[in-house]
Amino acid sequence: MKAKKVISTLLVTAMAASLLAGCGSSGSDAPAQDSASADSAKPAADNSSADAGAAEEQTLKVAVFEGGYGADMWSEVVAAFEASHPGVTVELTIDKKIEDVISPAMKAGDYPDVVHLATGREAALTETLTKEKALLPLTDVMEMTVPGESVKVKDKIIPGFLDTLATNPYGDGVTYYAPMFYSPCGLFYNAGLFKEKGWEVPTTWEEMWALGDTAAGEGIALFTYPTTGYFDAFTYATLSSAGGSDFFNSCMTYEDGIWESENATKVFELIAKLGEYTEGTTVANANNDNFTKNQQLILDNKAIFCPNGTWLPGEMADAPRADGFEWGFMAIPAVNAGGAGCSFCWFEQMWIPAAAQNQDMAKEFVAYMYSDEAAQIFAKSTAIQPITGVSDSLEGDNKMFYSIYDNGATAVMGGFASTAPVEGVNMLDTLCGTVNSIVSGDKTVAEWQAAVEEASDKLRDAME
């Protein structure tokens, strides 16, 4: 389940509603490029402040969370940045608990210049600084020219990533979080099984149900899921598909009555019907100890589809599998006839503290994260930057996964708007955690829907 589970819980904060709009798809690409010379690496004239400081001796303090991609890529990116920016020395601090490392100094007034640390972590450092209005706006960084290139940062980033509360946490159109490594979520399956059976991959829910009936005749279930936590990405994509971006945003910002609406009802009923096609042992194993047993079901051809993110193949790399197994990946089918499939997208964030001492060079460093040179280095560790055309430079399964938006799927991003704590209320638990009870038949759709609306009502006034 990787770090995704951490993100999913507190995604409730910054990854909120607004964006989501179905941040339309375009490809994303991190093509390789030779290291730029010192002169070519300087920003264009519109970045005069960074230009002026680039030749000066200065130290840039960069603090980075060491996630599943490892530390080596950061050392390599820092070395490349220093090579293209004479006079700049990057003091890199990287740790799996970076909050514990930098927080004491920050309390004493000693801040890093750049921080790579996503929302949704237990320490909630990013959220805390956001609530304290202690972050530097990055909207001007989006207008900068990518160091060593001739294109603006905003034009390198896949459309939609800058239109979300996951980058604009105050919902005011101002970017404070720079979007970093992303992972599409969708339905994984055994493409080899489809070839063996001569089945067509479904693109609508009507086709899904028909496939489920056919597979049931051969003792194969249509669906399984690791834990109910994976229904956040699934449900977000389905909500956006059902009612569009405005509807999704209304759900994420607790609009009165939104969970009782026709579009919301479609989603509740769809998930309930999917429960009827879910493999029988799924609920019993849908926990942090046994979730891989559910993921194993698709490798053993006991279930067809499993919702997950691009980390799944790595997580199950050493697991046994059926002969001819081949990873397949698809978007969540459209809820409405004629609509496009949707894929929820997780991504990490980078930001600059408002108290940073070297703000101009910090902005230059953030802009460099979207260079072809940096993207190529990150991609070697399978950390994929959200830049257009990235799938063109990938190979194997990663090319398939990251081509999902090139192939017509609508990208969906965001999550519930941040609120002050409300005792006894956890929206994600109510919305997603209840799925086990729906699949087992212990709760009805009406009960589930009413509980979600009630939780939404309680959070509305606490929204920040």
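Author: Happy to. The protein chain has 21 helices and 11 strands, where helices (H or I, at least four residues) and strands (E, at least two) are DSSP runs numbered from the N terminus. Mind that this is a predicted model, in which local features need pLDDT of at least 70 and side-chain atom pairs count only at pLDDT 80 or more, while totals for chains, interfaces and linings use all residues. Residues are numbered from 1 along each chain as its sequence is written, and side-chain values use heavy atoms, with hydrogens and water left out.

Reader: What share of the protein chain counts as buried?

Author: Of its 464 residues, 58% do. Buried means under 20% relative accessible area, exposed over 50%, and partly exposed in between (1.4 Å probe, protein chains only).

Reader: Why does Val422 count as partly exposed?

Author: Its relative accessibility is 22%, so Val422 counts as partly exposed. Val422 sits in the loop between strand S11 (410-412) and helix H19 (427-433).

Reader: Which residues is Val422 in contact with, leaving aside its neighbours within four places in sequence?

Author: Lys458, Leu459 and Ala462, with contact meaning heavy atoms within 4.5 Å. Val422 and Leu459 are 37 residues apart in sequence, and their C-alpha atoms are 6.9 Å apart in space.

Reader: Now the rings. What makes Trp205 and Trp209 an aromatic pair that is tilted?

Author: The count comes to 35 aromatic pairs. Rings of Phe, Tyr and Trp (its six-membered ring) pair if their centres lie within 6.5 Å; planes under 30 degrees apart count as stacked, over 60 as edge-to-face and the rest as tilted. Trp205 and Trp209 come out at 5.2 Å centre to centre with 35° between the planes, hence tilted. Both lie in helix H10 (residues 205-216), four residues apart, about one turn of the helix, and both are buried.

Reader: And why is the pair Phe231 and Phe234 edge-to-face?

Author: The ring centres of Phe231 and Phe234 are 5.4 Å apart and the planes stand at 65°, so that pair gets the edge-to-face label. Phe231 and Phe234 are three residues apart in helix H11 (residues 231-252), about one turn of the helix. Phe231 counts as buried because its relative accessibility is 1%, and Phe234 does too, because its value is 2%.

Reader: What makes you say the charged end of Lys133 sits over the ring of Tyr170?

Author: The rule asks for NZ of Lys or CZ of Arg within 6 Å of the ring centre and within 35 degrees of the ring normal. For Lys133 the distance to the centre of the Tyr170 ring is 4.9 Å.

Reader: How many cavities of 30 Å³ or more does the structure hold?

Author: Three. A cavity, on a 1 Å grid over the protein atoms alone, is a set of points where a 1.4 Å probe fits but cannot get out; lining residues have an atom within 4 Å of a point. Grid points are joined across faces, edges and corners, and a volume is the space filled by probe spheres set on the points. The largest cavity has about 80 Å³, and its 14 lining residues include Cys185, Tyr230 and Phe234, which are among the closest to its centre.

Reader: Last one: why is helix H17 described as largely enclosed by the rest of the structure?

Author: Six of the eight residues of H17 (residues 372-379) are buried, so the helix is largely enclosed. Among the buried ones are Asp372, Glu373 and Phe378. The buried residues of H17 pack against helix H4 (72-84), helix H8 (153-156), S5 and helix H16 (359-368).

Notes:
1 Å grid on protein atoms, 1.4 Å probe; cavity = no way out; pocket = protein on both sides within 12 Å on 5 of 7 lines; lining within 4 Å.
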